Amino acid sequence: MRTQPSKSNDAIWRDIYSQSRIPDQLKNLQEMATNLWWVWNHSGANLFKELDPVIWEETQGNPAVLLQRISHERVEQIQGNPELMAKIDRVYRQFKSYVQVRADHSKPSVAYFSMEYGLTNVLKIYSGGLGILAGDYLKEASDSNVDLVAVGFLYRYGYFTQTLAMDGQQVANYESQDFEQLPLTQLLDENGDPFVLEVPYPERKVYAHVWKVSVGRVPLYLMDTDIPDNSDWDRSITHQLYGGDWENRMKQEYMLGIGGILLLNKLGIKKEVYHCNEGHAALINVQRLVDYIQDERLDFNEALEVVRASSLYTVHTPVPAGHDYFDETLFGKYMSEYPARLGISWQEFIDMGRENPGSSEKFSMSTFALNTCQEVNGVSQLHGKVSQQMFAPVWKGYFPEELHVGYVTNGVHMPTWMAREWKQYCDKVFDPSFLQDQSNPRIWEAIQQMADSEIWDIRRKLKNRLVEYIKIEYRDNWLKNQGDPSKVVSLLERIDPNALLVGFGRRFATYKRAHLLFTDLDRLAKIVNNESCPIQFVFTGKAHPADGGGQGLIKHIVEISRRPEFLGKIIFLENYDMRVARRLISGVDVWLNTPTRPLEASGTSGEKAEMNGVLNFSVLDGWWYEGYREGAGWALTDKRTYDNQQYQDQLDAATIYHILEHEIIPLYFAKNSKGYSPEWIQYIKNSISQIAPHYTMKRMLDDYINRFYSKLAARVKMLSGDDFAEARNLAHWKREVAAHWDSFAVESFEYDDLMHAVVGEDYIIRVTIDRRQLKCMLGVELVYTREDPDRHKLEFVSATPFKLIREEGAKLHFELKKKTSGFGHLKVGFRVYPVHEKLPHRMDFACVRWF
């Protein structure tokens, strides 16, 4: 019998989407879910968790998804629970009273640009410290009522999720983000359609949708090019953070700079100060120059005065190799049309990104930022000095110590990173004005009166929470990667909350020296296997996918952690993110940091630890160079003993072992009958009271306002008034000076026997300058230097200005009366420079002639 043939075509499947419908009585929850206020206000996060604890944990604390997935039955239960409904109303009123506060217009308004923002683990638009810092900055700007708007990217894949292969090799997984499930809103136009930003790229336009993240009172606008309007080539611009080749990086920085300003223009947003968080955003000043030239009818030099006077560049990188450099061919492919729009030549334009104009150097985004921003800062006191050295070639004729490059030491957003238990104590004991005055050390002194047992109880709770988190979160991953289930069970059993826990969490770049602890494995084995004084080390961190050295370090540590003598004593936690960081920096006892000095620009993980009674053990580099206090932590010296880095590493490793063996471990285990060490508790008290108040984001933001924003806002206002009269005058003056700078002559130069000066004796130097065609005022100064035989270069000692005695026509007569105060072999030089009262600093117009 013949079977009937199949008569079925291929199935046709259609996508349908279903989600919970939130009744009107609970609509306030949706408003709160799309404002990240809940991230640093426990009342908000706790409310969402109470709505459905299971979904909250499954979504890693994402209220947007929680509200989409919450069941109809649970919604009805919530509505029928008067206490919970009252709590929703109470938290919502708290939220509204916060966000409705108007900005403080006594502070300058700011536009802030960054490639990454670390605001919450559910919004994967950050990779590490730079992004976390930017996220903390927005939160504090909100808390401090600063009129600030921020611009960045909404990445489809963000930064990678880290897993470990069986052999400990890092595996980078790029997971797509569903924007509809994130706590943000898409901008719409007047017709209710997606707002579209058009950005002119060479021979085409690139389109971007725009999403808004409400960070309390601060709006963060994120551009998204992964839309059908674009080619696949351009959709990838916002696919990955720090991904792709150099051309993709060029396209990203073009979009952030040019596109970022066009976005603010289209939204009608103007601010007083424009802040580039790293050189990635430097091209904002190209578009700003174009706008002033087109809209205000200024010429290039006039526009540059205004743009420069309102711009700040913050550098986070301590070495030139860490900056972005683009080949002229690639840079020209994207920027060749701009010189004509600026009214300058291509050579003049590309030279703005070169330390040596006229050379064949690559275009440096950082150098361009230096030439278009009046103010520049590093991110710690030491990094400020390193940055002066790094940027000195841009301003020839001046020594690094003379540069205007300043610093603001990084801080952390205390409400985000301080554990709930510590915040509750602060609310109970500290002054009511504490949150508004966090950086006031006098308020923090109250911690010295806190009972030792109370501090120990908090520390024990946080430690137990970390241990439980590790056991729950990492059990499945370890079972998958370890291969032998019995080893995993043994590992979990060995994680001991009674042990001294030392944490190390950061990006696995080789200069961070995560390997130092493992220099002498026999000595380390003795340390970790002392049963009377148990100690365990917890490591975590990601290496950039292109950094083979960093990935090798991770693999090396994982391999060591699996050896019998280190099993359960050395632990590596994969996929370091904000969730892991929050547990780790509050749950360990000691935070270890071992960078190669002076390559740690600042570092903030140790500052987060400070907020939780965790003691720092670090190289005196970055923020710890300023923060270290004796009796409040431990330090490795900032001085080098060996030029050979391998020898220096061995010495530093030996020092780490010695301090652990003879200071840290004995102090921790000097326990009394109550189970804790009073001496250890005193270290905690000293650490919190003497160090923590100086490293809050509140202090950092106040520093930016006081050191940079206020003077920038005042100066750009001065230059812009009366149809930019002062900007035009200053640009004209600079043109005239530059045109005739070589025309003046030193007519006479009279000095005593300066070459054989005697300490304590006066000497007089007289100089007469004939300005000739040069119409500006001049200054003259005596510069002392000393030769450094080790580095074969001159070191700056001092500069002393001459006094203008009289002016006769084009001739200027100067005199310097000085007493010889130093002795030894010095070198002297005489330097002439132009003087104008409206210059913010010498580097703004760095014309110099030596004689």
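E473 is partly exposed, with a relative accessible area of 31%, where partly exposed denotes the range between buried (under 20% relative accessible area) and exposed (over 50%), computed with a 1.4 Å probe on protein chains only. The structure is a predicted model, in which local features require pLDDT of at least 70 and side-chain atom pairs count only at pLDDT 80 or more, whereas totals for chains, interfaces and linings use all residues. Residues are numbered from 1 along each chain as its sequence is written, and side-chain values use heavy atoms, with hydrogens and water left out.

E473 forms a salt bridge with R579, the closest N and O atoms being 3.9 Å apart; a salt bridge is defined as a side-chain nitrogen of Lys or Arg within 4 Å of a carboxyl oxygen of Asp or Glu. Since E473 belongs to helix 21 (residues 452–482) and R579 to helix 25 (residues 578–587), the pair ties together parts that are 106 residues apart in sequence. Helices (H or I, at least four residues) and strands (E, at least two) are DSSP runs, numbered from the N terminus. In contrast to the partly exposed E473, R579 is buried at a relative accessible area of 15%. Helix 25 is itself mostly covered, with 8 of its 10 residues buried; among them are M578, V580, L584 and I585. At the start of helix 25, a side-chain oxygen of D577 comes to within 3.1 Å of the backbone nitrogen of R579.

In total, 53 salt bridges are present in the structure. One of them joins D324 to R249, with the closest N and O atoms 3.0 Å apart. D324 is located in the loop between strand 10 (311–314) and strand 11 (325–326) and R249 in helix 10 (residues 246–267), so this pair connects parts that are 75 residues apart in sequence. Both partners are buried, D324 with a relative accessible area of 8% and R249 with one of 15%. A further salt bridge is formed by K362 and D327, whose closest N and O atoms are 3.7 Å apart. K362 lies in the loop between helix 15 (346–351) and strand 12 (363–364), and D327 in the loop between strand 11 and helix 13 (328–335), so the pair ties together parts 35 residues apart in sequence. K362 is partly exposed, at 44% relative accessible area, and D327 also counts as partly exposed, at 44%. Elsewhere, salt bridges link E305, R308, K734 and D844 in a network.

K818, found in strand 26 (residues 811–819), is buried yet has no salt bridge. The nearest side chain of opposite charge (Lys and Arg count as positive, Asp and Glu as negative, and His and the chain ends are not counted) is that of D762, 9.5 Å away. Residues up to four places away in sequence being excluded, K818 touches E761, D762, Y763, L782, Y784 and T800, contact meaning heavy atoms within 4.5 Å.

The largest nonpolar core has 172 residues, and those with the most contacts inside it are L51, L148 and M335; such a core is a set of buried Ala, Val, Leu, Ile, Met, Phe, Trp, Tyr and Cys residues joined through side-chain atoms within 4.5 Å. Helix 30 (residues 697–740) supplies the largest share of this core, 16 residues. Apart from this core lies another, of 95 residues, which includes I470, I535, L592 and W634. Beyond its neighbours within four places in sequence, M335 is in contact with M250, Y254, L283, V286, W346 and F349.

An open sheet is formed by 4 strands in the order 24-23-27-28, with antiparallel pairing; two strands pair if DSSP finds at least two bridges between them. Strand 24 (793–801) and strand 28 (849–850) stand at the edges with a single partner strand each, so one side of each is left without a neighbour in the sheet. Strand 23 (residues 777–788) has 9 of its 12 residues buried and is therefore largely enclosed by the rest of the structure. Strand 23 pairs with strand 27 over 9 bridges and with strand 24 over 8 bridges. V780 has V832 of strand 27 as its bridge partner, while V783 stands opposite A799 in strand 24. Strand 23 and strand 24 form a hairpin with 4 residues between them, and H792 in the turn has a positive phi of about 55°. Strand 27 (residues 827–835) pairs with strand 28 over 2 bridges, and V832 stands opposite R849 in strand 28.

Technical notes
Polar contact = N/O pair within 3.5 Å; in protein donor to acceptor, adjacent residues only side chain to side chain.
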